[in-house]
Amino acid sequence: IKAMAHITGGGLLENIPRVIAKNLSVKLDLSSWEMPEIFKWLQKEGNINNTEMLRVFNCGVGMVIMVSQNESHKVIKSLTNIGEEAWLIGKVFQSNKNNVII
């Protein structure tokens with residue numbers, strides 16, 4: 001495990017940069033998990049755009065675990081085997097911004 005982020009207040013966009021080095025960023029693949037219905041409802045009824053949803057809410061992703069790319073499928077399988085839902089939701093890359101790109 002390289003880093004972990006509990007996605008609470010600040011959502012994905014603010015919590016992930018807190019746990020990675022200043023010279024790294026993360027590119028999220030929003031199609032890699034299904035947003036729970038409650039978040040879809042909030043987004044629709046509140047007329048909230050994707051960026052704001054990801055800044056405020058966890059959108060169904062309660063914990064992000066960052067591992068080396070060659071370990072990702074092994075970690076997902078291990079988590080699935082113990083009853084957790086796990087997805088590969090993005091990639092870490094070198095950057096001078098320390099942010100999350102959607």
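Helices and strands are DSSP runs, a helix having at least four residues and a strand at least two, and they are numbered from the N terminus. The structure described here is a predicted model.

In these terms, Cys59 is placed in the loop between helix 3 (50–56) and strand 3. The phi of Cys59 is positive, at about 55 degrees, although the residue is not a glycine. Most residues other than glycine have a negative phi. Cys59 has a relative accessible area of 0% and is therefore buried, the cut-off for this class being under 20%. Asn98 lies in the loop between strand 4 and strand 5 (100–101). The relative accessibility of Asn98 is 14%, so this residue also counts as buried.

The largest pocket of the model has a volume of about 700 Å³. Its lining is made up of 27 residues, of which Ile65, Met66, Trp87, Leu88 and Ile89 are the closest to the centre of the pocket. Two or more lining residues are given by each of strand 2 (24–28), strand 3 (63–66), helix 4 (72–81) and strand 4 (90–94). Helix 4 supplies the largest share of this lining, with five residues. Sorted by class, the lining of the largest pocket contains 17 nonpolar residues, seven polar residues and three charged residues.

Ile65, one of the residues closest to the centre of the largest pocket, is located in strand 3. With a relative accessibility of 31%, Ile65 counts as partly exposed, because that class covers values between the 20% limit for buried residues and the 50% limit for exposed ones. Ile65 also belongs to a nonpolar patch on the surface, which it forms with Ile1, Met4 and Met63. Together, the four residues Ile1, Met4, Met63 and Ile65 have about 380 Å² of accessible area.

Asn15 is found in helix 1 (residues 11–19). The relative accessibility of Asn15 is 7%, and the residue therefore counts as buried. In sequence, Asn15 and Ala5 are ten residues apart. In space, the C-alpha to C-alpha distance between Asn15 and Ala5 is 6.2 Å.

Conventions
Residues are numbered from 1 along each chain as its sequence is written. This is a predicted model: local features need pLDDT of at least 70, side-chain atom pairs count only at pLDDT 80 or more; totals for chains, interfaces and linings use all residues. Side-chain values use heavy atoms; hydrogens and water are left out. On a 1 Å grid over the protein atoms alone, a cavity is a set of points where a 1.4 Å probe fits but cannot get out, and a pocket is an open set with protein on both sides within 12 Å along at least five of seven lines; lining residues have an atom within 4 Å of a point. Grid points are joined across faces, edges and corners, and a volume is the space filled by probe spheres set on the points. Ala, Val, Leu, Ile, Met, Phe, Trp, Tyr, Cys and Pro count as nonpolar, Asp, Glu, Lys and Arg as charged, and the others, Gly among them, as polar. Patches are made of residues with over 30% relative accessible area and no salt bridge: like charges are joined within 9 Å, nonpolar side chains (Val, Leu, Ile, Met, Phe, Trp, Tyr) within 5 Å. Accessible areas come from the Shrake-Rupley method with a 1.4 Å probe; for residues, only the protein chains shown count as cover. A salt bridge is a side-chain nitrogen of Lys or Arg within 4 Å of a carboxyl oxygen of Asp or Glu. Buried means under 20% relative accessible area, exposed over 50%, partly exposed in between (1.4 Å probe, protein chains only).
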